Amino acid sequence: NVRESKAPSVKIYPNPSNGFVFIDTENDIAKTEIYNITGQKLREYQTEKTIELPQQGGVYFLHITFKNGEKAMEKV
């Protein structure tokens, strides 16, 4: 038996951003963590679907944990 797992559907916009991004998903968010390109955790948000990015430009990774235990990672 092979159990298939479908990744949660997540849309991040606008990308590129001017400082704020919106998370569009049907799943309830437990937390969102922002990491920089070196893996340093910069911020953490609880349940919000509007996220403020750090002021300096660059590439960031959003690690999203959903209330059902599923996880997603998106590059911004």
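1. Let's start at one residue: Lys75 is exposed, with a relative accessible area of 56%. Exposed here means over 50% relative accessible area, buried means under 20%, and partly exposed is in between (1.4 Å probe, protein chains only). Lys75 sits in strand S7. Leaving out neighbours within four places in sequence, Lys75 is in contact with Asn15, Val59, Tyr60 and Phe61, where contact means heavy atoms within 4.5 Å. As for Pro54, Lys75 is 21 residues from it in sequence and 14 Å from it in space, C-alpha to C-alpha.

2. A quick word on what you're looking at. This is a predicted model, in which local features need pLDDT of at least 70 and side-chain atom pairs count only at pLDDT 80 or more, while totals for chains, interfaces and linings use all residues. Residues are numbered from 1 along each chain as its sequence is written, and side-chain values use heavy atoms, with hydrogens and water left out.

3. Now the overall layout. The protein has 0 helices and 7 strands, so from the N terminus the order simply reads β-β-β-β-β-β-β, with helices (H or I, at least four residues) and strands (E, at least two) taken as DSSP runs numbered from the N terminus. The C-alpha trace spans about 45 × 25 × 20 Å along its principal axes. Of the 76 residues, 34% are buried. Take the contacts between residues at least 6 apart in sequence: 44% of them join residues at least 24 apart.

4. How do the strands go together? S3 (29-36) pairs with S6 in the antiparallel sense over 7 bridges; two strands count as paired if DSSP finds at least two bridges between them. In this pairing, Lys31 has Thr65 of S6 as its bridge partner. S3 also runs antiparallel to S4 (residues 41-46), joined by 5 bridges. Here Thr32 partners Tyr45, and Glu33 partners Glu44. S3 is largely enclosed by the rest of the structure, because 6 of its 8 residues are buried.

5. S6 and S7 (residues 71-75) pair in the antiparallel sense over 5 bridges, and His63 stands opposite Met73 in S7. There are 4 residues between S6 and S7, and Gly69 in this hairpin takes a positive phi near 95°. The hairpin of S3 and S4 likewise has 4 residues between its strands, with Gly39 at a positive phi near 95°.

6. Which residues touch the most other members of the largest nonpolar core? They are Val10, Ile12, Val21, Ile23, Ile34, Leu62 and Ile64, out of 15 residues in that core. Such a core is a set of buried Ala, Val, Leu, Ile, Met, Phe, Trp, Tyr and Cys residues joined through side-chain atoms within 4.5 Å. S1 (10-13), S2 (20-25), S3 and S6 (60-66) each supply at least two residues of it, and S6 gives the most, with 4 residues.

7. Neighbours within four places in sequence aside, Val21 is in contact with Ile12, Tyr13, Pro14, Lys49, Thr50, Ile51, Leu53, Leu62 and Val76.

8. The accessible surface comes to about 5,400 Å², and 46% of it belongs to carbon and sulfur atoms; the areas come from the Shrake-Rupley method with a 1.4 Å probe, and for residues only the protein chains shown count as cover.
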